[in-house]
Amino acid sequence: MNTKLVQLWHRLVQTARLSCGIPDYDVYVTHLRTHHPERKIPTYAEFFRERQAARYKGTGGRCC
Amino acid sequence: METIATRPAGVASKVVWVIIAIIGAACLGVIALRRGEPINAIWLVAAAVAVFLIGYRFYGRFIELRVLQMDPGRAPPSVLHNDGLDYVPTDKWVVFGHHFAAIAGAGPLVGPVLAAQMGYLPGTLWILFGVVLGGAVQDFMVLGLSIRRDARSLGHMLREELGPFAGVVAMFGLLALMMIVLAVLALVVVKALTHSPWGTFSVACTIPIALLMGIYLRWLRPGRILEVSLIGLVLLLTSIAYGAHVAATPVLANLFDFDAKALAWLLIGYGFFASVLPVWLLLAPRDYLSTFLKIGTIVLLAVAILFAAPDLQMPAVSRFIDGTGPVFQGQLFPFLFITIACGAVSGWHSIIASGTTPKLLANEGQARMVGYGGMLMEAFVAIMALIAAASLHPGVYFAMNSPSALIGTTVEHAAATISQWGFVVTPDELSRTAHDIGETGILSRAGGAPTLAVGMAQLLHNIMPGERMMAFWYHYAILFEALFILTTVDAGTRVGRFMIQEIAGLVHEPLKSTESWIGNVLATSICVGLWGYFLYQGSVDPLGGINTLWPLFGIANQMLAAIALMLATVVTVKLKRQRYVWVPGIPATWLVVCTLTAGWEKLSGPISFTVASQTYAQAMQAGKLMAPAKNLAEMQRIITNNSVDATLTAVFMLLVLTMCGFSIYAMMKAWRSHIPTAHEAPRVALTSVAGQTP
């Protein structure tokens, strides 16, 4: 029961962050570790800043 | 090829669906046939749920299996190009939440409110059937096409499937649509804040609040979005509560009391500065706040409707289907289908369905839920907005949404005029409503937001009574819409700026660099100038602006939807699945017919921009002044504005026709071909990609 609640909370946070254009940090770190072990792993703050800037660079992204 | 298994439905499942169908049909019957006595909003909610469930289960699945032939065993872009950032296989509920947050905006809350002037029935039917057969089909099919093409954008797919020139044409159409969207949304804010110190104060407070949040997120607690949003929310609610004090203190109230013209200039100035500032300082924090507030408000509205279960006071069909309505001109066909764009069919969604979402889906089998299901949710929001408007006293509704040129500027005059239309209302009722919501007046506040705010305030007040609570909820609803729209204006100006720089880069290469300050300021000025022109024009328009601009917006939005559906039609033929060409083909044709008819009526005929411009020009030549112009300069302005609007309408029509031409040509070529000619990426089995389980 408890693990299910934790998982649900994790999903909610993930959805909320993604809706603001911030992908899941843990997923990114895991991805870097498995596929690009030579690269430096950014801190959450660095990761957040980079994604925040990236969100408003492209076109579209929101509706009227 | 592996496709989704089509196992026969069990008896229990069949029984459940028959019951849902019967409930839906019964509710629709009540809505359509009950005359003379008000019906309860719950009938509408139940009918919508039944129609959406059936549409999702049967039509959505039909499209998934036959037309798009979605294949859960095929590796999607998120797996093939997994980079942990943009392309990430993500849980389907998370993708759904993200997609819905991206597509739901102010549009579905405004259009249905305006369309309520024709009664609740036409709008309801168009939303229910428009979304099942058109809007959700568009979103789902564009998503389905994009996921098979490495998550390419709509523009990219148009270039590939219809040719490079078609892509350029669509790019210009998109820019024009963007400018109209920004102008009309900014105008909604202007209309809501005109001579409303309370509203203006609380909206102005969002700027320092956002700056504070930006600094907090940057230096104090980097990346703690949820935490900072909660702080922001508390500050916002405080500013609404304090706004009552501002409105009640004459010295303070004067500082925040503006007319439409002044507000338009303030918004134009704001739009410029906001979009050249770094994103982390103002745009991003406000974006977070408005995203959460939007979802929260939609949930609040749903709860309010379910618990208050209001009766609909608006007639099912009003006399204004004949085209003489005060809110917008034009007959039911085609103008109802132009007025309610978002919520039934929204062209803008094709940008999102070919943007982030296809990069996140973990497999093709989830595209129906996100694409088709997400749009059904938005249609549900539109139905709720329609209920909020239709549950208002019709007299109050028309007082709020009719231009002052028709109902005058006093409650006595307005009440007399509206009662003559057959919606009996007393001056006292109008004054009392204004008093209840803590405003000095409610007349001629077109644009949807104030009407929805009053409707919402009354619903919430019904379930949570309390002294002055209605005024609080009214200003909460206004603040929510304004916050959301300001974010769109800011982000939209940036996007518009990049589009302009891209176009300018074709002429002079260095202008393309988004890092260059000169290019930045120049393109931002052009962009703000473009939407600002229409905003200013709307704010001084004697007919209230929304009357003129909303049809232009509707035509532009449906034009984009038509283009997206034409692409889907062409690709269906190119895949040699032409027996299903009618699936995207019928809504595409319907939208082309609607936009062209509406465009034509706005170009020639009694309600056209051209005729208005000519009438004023003739009067001016004869040396006469025509109401509501008070001098020759105003006469000249009306003539110019109408000519500009007419030109823009002609451009939109030309765009639709050009894209039609390209589509028909591509379709005929593909029809004759014996092999599929669509540009799909080759199939890679999900099981063959390392670390993936189907």
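This is a predicted model: local features need pLDDT of at least 70, side-chain atom pairs count only at pLDDT 80 or more; totals for chains, interfaces and linings use all residues.

Colleague: Are α8(B) and α22(B) roughly parallel or roughly antiparallel to each other?

Modeller: Helix α8 of chain B covers residues 164–193, and helix α22 of chain B covers residues 469–507. Their axes come within 9 Å and cross at roughly 155 degrees. Angles over 145 degrees count as roughly antiparallel, and the two helices are therefore roughly antiparallel.

Colleague: Into which classes do the residues of the contact of α8(B) with α22(B) divide, and how many are nonpolar?

Modeller: On the α8(B) side the contact includes B:L175, B:M178, B:V181 and B:L182. On the α22(B) side, B:I478, B:E481, B:I485 and B:G492 are among the residues that take part. By class, one residue of this contact is charged, four are polar and the nonpolar ones number 16.

Colleague: Is the crossing of α6(B) and α14(B) left-handed or right-handed?

Modeller: Helix α6 (residues 120–147) and helix α14 (residues 332–339), both of chain B, have axes that come within 10 Å and cross at roughly 65 degrees. B:P122, B:G123 and B:W126 of α6(B) meet B:L332, B:L336 and B:F337 of α14(B). The residues in this contact comprise five nonpolar, one polar and no charged. As to its hand, the crossing is right-handed.

Colleague: Turning to the two chains, which element gives the most to the side of chain A that touches chain B?

Modeller: Contact between the chains involves 27 residues of chain A and 42 residues of chain B. On the chain A side, the elements that give two or more residues are α1 (2–19), α2 (25–35) and α3 (44–55). That side divides into 16 nonpolar, eight polar and three charged residues. With eight residues, the element that gives the most is α1(A).

Colleague: Is B:P38 buried, partly exposed or exposed?

Modeller: B:P38 is found in the loop between α1 (11–33) and α2 (41–67) of chain B. It has 15 other C-beta atoms within 10 Å. A residue counts as buried at 20 or more and as exposed at 12 or fewer, so B:P38 is partly exposed.

Colleague: How many Å apart in space are B:P38 and B:P315, C-alpha to C-alpha?

Modeller: Leaving aside its neighbours within four places in sequence, B:P38 is in contact with B:D311, B:L312 and B:Q313. B:P38 and B:P315 are 277 residues apart in sequence. In space, C-alpha to C-alpha, the separation of B:P38 and B:P315 is 7.6 Å.

Note on methods. Residues are numbered from 1 along each chain as its sequence is written. Chains are lettered from A and ligands numbered from 1 in the order in which they are written. Axes are lines fitted to C-alpha atoms, for helices over the stretch in contact, and angles run from 0 to 180 degrees between N-to-C directions. Helices (H or I, at least four residues) and strands (E, at least two) are DSSP runs, numbered from the N terminus. Angles under 35 degrees count as roughly parallel, over 145 as roughly antiparallel, 65 to 115 as roughly perpendicular and the rest as oblique. Two residues are in contact if their C-beta atoms, placed from the backbone, lie within 7 Å. Ala, Val, Leu, Ile, Met, Phe, Trp, Tyr, Cys and Pro count as nonpolar, Asp, Glu, Lys and Arg as charged, and the others, Gly among them, as polar. A crossing is left-handed if the near helix is turned anticlockwise from the far one by less than a right angle, and right-handed if clockwise.
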